[in-house]
Amino acid sequence: MTIAPTVRGWCPGLHTPMEAADGWLVRVRPPLGRLSGAQARQIARAATMHGNGLIELTSRGNLQLRGLTSDGTRAFAHDMRIAGLASADAATEARRGLLLSPLAGIDPAAAPDAPDVIRALDTALTNADTLRGLPAKFVIAVECGGHVPAGTLRADIVARTTNTGWMVVCGDRALACPGADVARIAVSLAHALAAMEPVMRPLRDPTLGQAAFARIRMPDTATAPSARPHRPVLAGPLPGHAMGVVLPPGPIAARMLEDIARWCDERGNGHMRVAPWRAIVLEQCDMPPPLPGLITQGDDPRLRVWACIGTRGCACATRDVIADAHALAPDLPPGVSLHVSGCAKGCAHPAPADITLVAGPGGYGLCPHGRADNTPVDIGLSLAQIHPIVRGWSPAPHRSHPTPREN
């Protein structure tokens with residue numbers, strides 16, 4: 001029997017685990033998106049000791065561990081605090097939800113004061129103990145330009161570098177300011193949004209931006225620049241003597257994270273950055289680790305594939321979508337993106353993809369140029385029927401797609 005998808009309404013965290021079909025989920029949010037090799041190995045060992053040894057990288061650059069018991073979640077949280085990877089206080093940990101450009105401070109083309117802006121914002125959020133009531137998925141991003149261009153990160157409040165300094169974007173409004181003022185303005189906006197009734201997210205309702213700026217007595221804003229959804233290539237050599245590797249769709253075994261950490265220590269400076277897009281950036285490294293399955297080339301089609309845990313860990317799914325995604329990836333034409341979802345929630349990729357496949361009891365539903373919650377143009381497709389559809393797909397967003405199948 002298929003279980004109807006349940007929208008939980010929050011993201012699991014270190015102190016707020018969430019139950020799934022394969023046990024409890026927890027997430028580690030590395031401070032400022034950075035891990036030492038030793039800390040990465042501690043996470044890998046804890047994943048095996050307290051969970052089922054599977055680790056995922058989320059769209060916010062968090063590490064998600066699976067298969068924990070209720071007691072295991074508490075033991076894991078303790079281990080992460082000892083490792084310096086979490087705040088002891090759940091409220092403080094929740095406030096420090098920053099989405100950061102993974103090349104801040106090392107990309108020569110990025111804003112040189114970005115590390116200062118990031119540290120000031122993190123400190124301001126840590127000390128903002130009166131900031132309560134924001135939705136759990138609320139997030140603040142910092143975009144510093146360069147290889148990861150402005151407009152790339154989607155967040156409720158975005159600090160974005162410009163040709164003349166910085167701007168703070170909230171919903172559909174933006175305010176230019178010096179880098180030294182970014183933290184104060186961003187945290188003030190967060191307080192303003194938390195005080196609204198009902199509390200909503202600018203990422204969902206951009207018109208909230210104008211009201212939030214007015215509440216902090218900064219109504220002299222401009223229309224926010226249009227976001228440019230972009231997935232920068234982070235596989236291979238990167239600016240600033242860094243090396244990017246990308247995890248394949250689906251979870252990895254904890255051993256792979258241990259091996260990456262060992263390579264980071266031996267061939268880099270002992271530090272790595274976890275990023276959106278399933279990417280890990282190894283600092284001061286000139287060669288990717290030679291690990292089977294790891295994506296190290298910028299033209300790998302798996303960079304354009306998303307898949308959730310499927311039947312390996314979700315009661316809502318009806319298929320092993322990870323296996324199906326890997327089987328379809330070699331057929332993917334250049335420039336075409338593919339999302340294989342276990343249900344209509346689309347957890348792995350909420351945005352549209354060129355080809356979105358949604359698993360159902362009788363096969364896959366096909367949503368061309370859409371999201372998993374869109375109405376499919378065809379249902380009940382087998383994997384054998386989907387292979388030729390994928391091979392013949394056009395990347396043009398409004399061009400007619402191949403006929404799904406003969407009726």
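Let me start with a term: helices (H or I, at least four residues) and strands (E, at least two) are DSSP runs, numbered from the N terminus. What you see is a predicted model, where local features need pLDDT of at least 70, side-chain atom pairs count only at pLDDT 80 or more, and totals for chains, interfaces and linings use all residues. Residues are numbered from 1 along each chain as its sequence is written, and side-chain values use heavy atoms, leaving out hydrogens and water.

First, the sheet. It is open, with five antiparallel strands ordered S3-S15-S16-S13-S12; two strands pair if DSSP finds at least two bridges between them. At the edges sit S3 (34–36) and S12 (236–238), each pairing on one side only.

Which helix lies across S3 and S15 (271–275)? That is H1 (residues 37–50), at about 90° to S3. Axes here are lines fitted to C-alpha atoms, for helices over the stretch in contact (heavy atoms within 4.5 Å), and angles run from 0 to 180 degrees between N-to-C directions. H7 (residues 254–267) also packs on the sheet, touching S15 and S16 (279–282).

Now, the second largest pocket. A pocket is an open set of points on a 1 Å grid over the protein atoms alone, where a 1.4 Å probe fits, with protein on both sides within 12 Å along at least five of seven lines; lining residues have an atom within 4 Å of a point. This one is lined by 32 residues, and those nearest its centre include Arg29 and Glu93. H3 gives the largest share, five residues.

Where does the pocket lie? Domain 1 (18–92 + 233–282) and domain 2 (103–223), with bounds from an automatic or database assignment, both contribute lining residues, so it lies between them.
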